[in-house]
Amino acid sequence: MIRRSVVRGTGHYLPERIVENAFFEQQLETSDEWIRARTGIERRHFAAEGQTTSDLGIEAAKAALANAGLSADDIDAIVVATSTPDLTFPSVATMIQGGLGMSRGFAFDVQAVCAGFVFALSTADAMIRAGQADRILVIGAEAFSRILDFTDRSTCVLFGDGAGAVILEVQEGEGTNQDRGILALDLNSDGRYRDLLYVDGGVATTGTAGHLRMQGNLVFRHAVEKLAATAHRALDKAGIPAESVDWLVPHQANIRIIEATAKRMELPIEKVVLTVANHGNTSAASIPLAMSVANSEGRFKTGDVLVAEAIGGGLAWGSVVLRW
Ligand code: COA
C-alpha cells in the first residue's frame, strides 16, 4: 500500500466587482469584439479597493472546508500559489492560516506565476507521500489587477482576480493507476525565457510592485507547443493513454491556447473545463477556480481521470494527472 493525495474538497471565491470588456473600450483603442475573438474573455472580476489576495484566499479556503465537511483544525498545512502577495512578507499562506483561526500546522507560499498551482500541488503531494502531513489546503489566489498597466491594451484586458482551493487528503492506494488521487506530475522551467513575461518592478530592483509586461505572441507559441507536451509526459508517467482522460482542466489564459492544446491531445472540447470567458486569466488561481466551479456543478465523477496543465512567467510550466 502507498500514500496517495486524494482531493477531499474544493472551493472558490470571486470578488463581487465584474468588469465587462466594454470597460476597456472607454479608455483604450480596443473592442469587446477583439478581446472575445482573440482571447475568449468576456468579463473578469476585480478585487475591491482594500481587498487583498489573502482575503480572496480565506473565502476560497472556507468554501473548500465546507465542501469537504472539515474545519480548519483538521488541516495540517496550507500551501498558497501566488505572485501577488498582500505584502513582501509574511506569506499569504500564513495570513490565510491566521484568517481561518488556525494556530497549528504550517503554511508557506510557492511562486511559479501562472503555473504556480501545479507546483503547489506537487509540493503538497510530495509532503503527503513523505508523511509530513495528512491533509493540506492548496490554494491559488491572485489580485493581478494590482500589477496591470491599464494603458497597455495588449495585457490589461487579459487578467482577473480570484482564488480557488483544493483540499488534498492522504488515502491508501495499491500503487497502480487505478488508485484515486494524484498519479503523476510533470514540472518544467526555462529561465532563458524570463523576458517574455515578467513584472518590471520588485523588492531588490525598483522597490515598487511594478507592472506586468508580456510579449504575447511569443508566449502564445510556447504555450501551444509546451502544454500538450507536458500533459503527454505526465500521462506517460501515469501509464494512462490520452483517450482515457475524462477532463482537461487547463490554465485559463486564452481560449485559442486551450483549443489548440485539446486538439493536440485529441480531446473533444466537451471534455475541457472552460471558465476563461467569465474569469479571464487569474494566474495561479485559474486551475483551482475552474476545478471548483466544475465540481460545484457535479461534473466530476469518482474515478474520472483529470489532467490539469499551465504555463506562465519564467517560463515555468507543468501538468498533473489525478483520479477523482
Ligand atoms: N485590442 C485591440 N488590439 C490589440 C489589443 C487589444 N486589447 N491587444 C493587442 N492588440 C493589437 C496589437 O497591438 C497588434 O497590433 P499591430 O499589428 O498594429 O501591432 C495586433 O493586435 C496583433 O497583436 P498580436 O500580439 O500579434 O496579437 P495576437 O493574436 O497574438 O493576440 C494576445 C494577442 C495577447 C491575445 C495573444 O498573443 C495571447 O493571448 N498570448 C498569450 C498570452 C497569455 O496567455 N499569457 C499568459 C500566459 S500565463
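Reply: Let's start with a term: a residue is called buried when its relative accessible area is under 20%, and exposed when that area is over 50%. Please keep in mind that this is a predicted model.

With that in hand, turn to Val113. This residue sits in the loop that links β5 (106–110) to α5 (116–129). Val113 is not a glycine, yet its phi is positive, at about 50 degrees. Its relative accessibility is 19%, and because the limit for buried is under 20%, Val113 counts as buried.

Glu266 also has a positive phi without being a glycine, with a value near 55 degrees. You will find Glu266 in the loop between α8 (255–264) and α9 (276–279). Here the relative accessible area is 72%, which is over 50%, so Glu266 is exposed.

Now for the peptide bonds. The one that runs from Phe89 to Pro90 is cis, and its omega is near 5 degrees. Pro90 belongs to the loop between β4 (77–81) and α4 (92–99).

A cis peptide bond also joins Gly314 to Leu315, this time with omega near -15 degrees. Leu315 lies in a loop too, with β12 (305–312) on one side and β13 (316–323) on the other.

Terms used: Residues numbered from 1 in each chain as written. Predicted model: local features only at pLDDT ≥ 70, side-chain atom pairs only at ≥ 80, totals over all residues. Heavy atoms only, no water. Helix = DSSP H or I, 4+ residues; strand = E, 2+ residues; numbered from the N terminus. Buried < 20%, exposed > 50% of the residue type's maximum accessible area, 1.4 Å probe, protein only.
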